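Colleague: I would like to go through some of the labels on this model with you. Could you set each value against its cut-off as we go?

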Amino acid sequence: MEKWPLGVFAGIDAGMGVKLEVVSELSLPTIQLHAPQPATRTKENADKFLARLRELGIRITVVFAGFEGESYADIPAVARTVGLVPPQTRKARLEEAKEISNFTRLLDVDALGLHVGCVPHDEAAPLFADTVEVTRSLCDHCRANGQNVHLETGQEPADVLLRFLETTDRDNLFVNFDPANMILYGCGEPIEALRKVGGRVRSVHCKDATWSDRPGESWGAEVPLGEGDVNMEKYLRTLDEIGYRGPLTIEREIPQDPRRQKEEIGHGIRLLNELKAKISA
Ligand code: MG
């Protein structure tokens, strides 16, 4: 497979991600797909969607699970509402994640991504053990579907993530590395984090951000690719160092302004193509 094919985070219904028409207009060969709503997740829709992707020459590399009731309003809201960590929604969400894994299989995709939630930084916390247990259950379900699980990074420092992966101890559990999240959540310098978790990285987001003046307490700001504190050249060079050859998936969520979103993604594509040429030269 070609090294570092470009891609974008995309969606097929009212959820997150850019629309397929935009992906096609930007001539991108890959997408990560935000899982559609439950009613859309049928065999018939999967077949129709696959036929459309074949027509457009687009390949899905990861399907990302998201859940009703998740809020990214601020860091405490994320801790309270996102992923499989919050106890009150855990059981139902685990079932839904398994169901999304089954839909992912209908799409013939071998990776399920998700924000597992804010893994407690203290390994002795009961919530840490509970999160390990629910993640094992999801990994085992995905294994039966021939899939890996990719955890989105950023809501915990690299060391915590590594301990979590080791404790969970599943050989189909990997990382979707998002350098901007490390900054947004104040969870550590992204390049250093990438070197630490490098062996586990199976997919990545290309996203940029600036640090908050109170890291870990309030959000940093998400900004167009190349304008933030990630240092995209260093990011790509580090991906090269760790031997990552998979897709470079641009993630830019500004659904309120699709025109600006498309422009910025176009700019991101040009930047990544320049850097790819420079690094392989
Ligand atoms: Mg991301």
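Colleague: Why is Arg260 called partly exposed?

Modeller: Buried means under 20% relative accessible area, exposed means over 50%, and partly exposed is in between, with a 1.4 Å probe and protein chains only. Arg260 has 35% relative accessibility, so the label is partly exposed. Glu264, at 14%, therefore counts as buried. One caution: this is a predicted model, where local features need pLDDT of at least 70 and side-chain atom pairs count only at pLDDT 80 or more, while totals for chains, interfaces and linings use all residues. Residues are numbered from 1 along each chain as its sequence is written, and side-chain values use heavy atoms, with hydrogens and water left out.

Colleague: What makes Arg260 and Glu264 a salt bridge?

Modeller: The term asks for a side-chain nitrogen of Lys or Arg within 4 Å of a carboxyl oxygen of Asp or Glu. Here the closest N and O atoms are 2.9 Å apart, so the pair qualifies. Both residues are in helix H10 (residues 258-280), and because they are four residues apart, about one helical turn separates them. Salt bridges that share partners join Glu222, Arg252, Arg260 and Glu264 into one network. Helices (H or I, at least four residues) and strands (E, at least two) are DSSP runs, numbered from the N terminus.

Colleague: How many salt bridges does a search of the whole structure find?

Modeller: The search finds 23. One of them joins Glu99 and Arg41, with the closest N and O atoms 2.7 Å apart. This pair links distant parts of the chain: Glu99 is in helix H4 (residues 87-106) and Arg41 is in the loop between strand E2 (30-34) and helix H2 (43-56), 58 residues apart. Glu99 has a relative accessible area of 31%, so Glu99 is partly exposed, whereas Arg41, at 8%, counts as buried.

Colleague: And Glu217, is that residue buried or exposed?

Modeller: Exposed, because its relative accessible area is 54%. Its salt-bridge partner is Arg214, at 3.3 Å from N to O, and Arg214 counts as partly exposed at 43%.

Colleague: How do you know which residues coordinate the magnesium ion?

Modeller: Donors are N, O and S atoms within 2.8 Å of the metal (3.2 Å for Na, K and Ca); water is not among the atoms, so sites may look incomplete. Glu152 (OE), Asp178 (OD), His205 (ND1) and Glu251 (OE) coordinate the ion at 2.0 to 2.2 Å. In sequence these donor residues follow the spacing E-x25-D-x26-H-x45-E. His205 and Glu251 are both buried.

Colleague: Why is the pair of Phe9 and Phe64 called edge-to-face?

Modeller: Rings of Phe, Tyr and Trp (its six-membered ring) pair if their centres lie within 6.5 Å; planes under 30 degrees apart count as stacked, over 60 as edge-to-face and the rest as tilted. By this rule there are four aromatic pairs. For Phe9 and Phe64 the centres are 5.6 Å apart and the planes are at 70°, so the pair is edge-to-face. Phe9 is in strand E1 (residues 6-11) and Phe64 in strand E3 (residues 59-65), 55 residues apart.

Colleague: What makes Arg202 lie over the face of Phe174?

Modeller: A charge sits over a ring if NZ of Lys or CZ of Arg is within 6 Å of the ring centre and within 35 degrees of the ring normal. Arg202 is placed over Phe174 at 3.9 Å from the ring centre, and Lys3 lies over the face of Trp4 at 4.4 Å.
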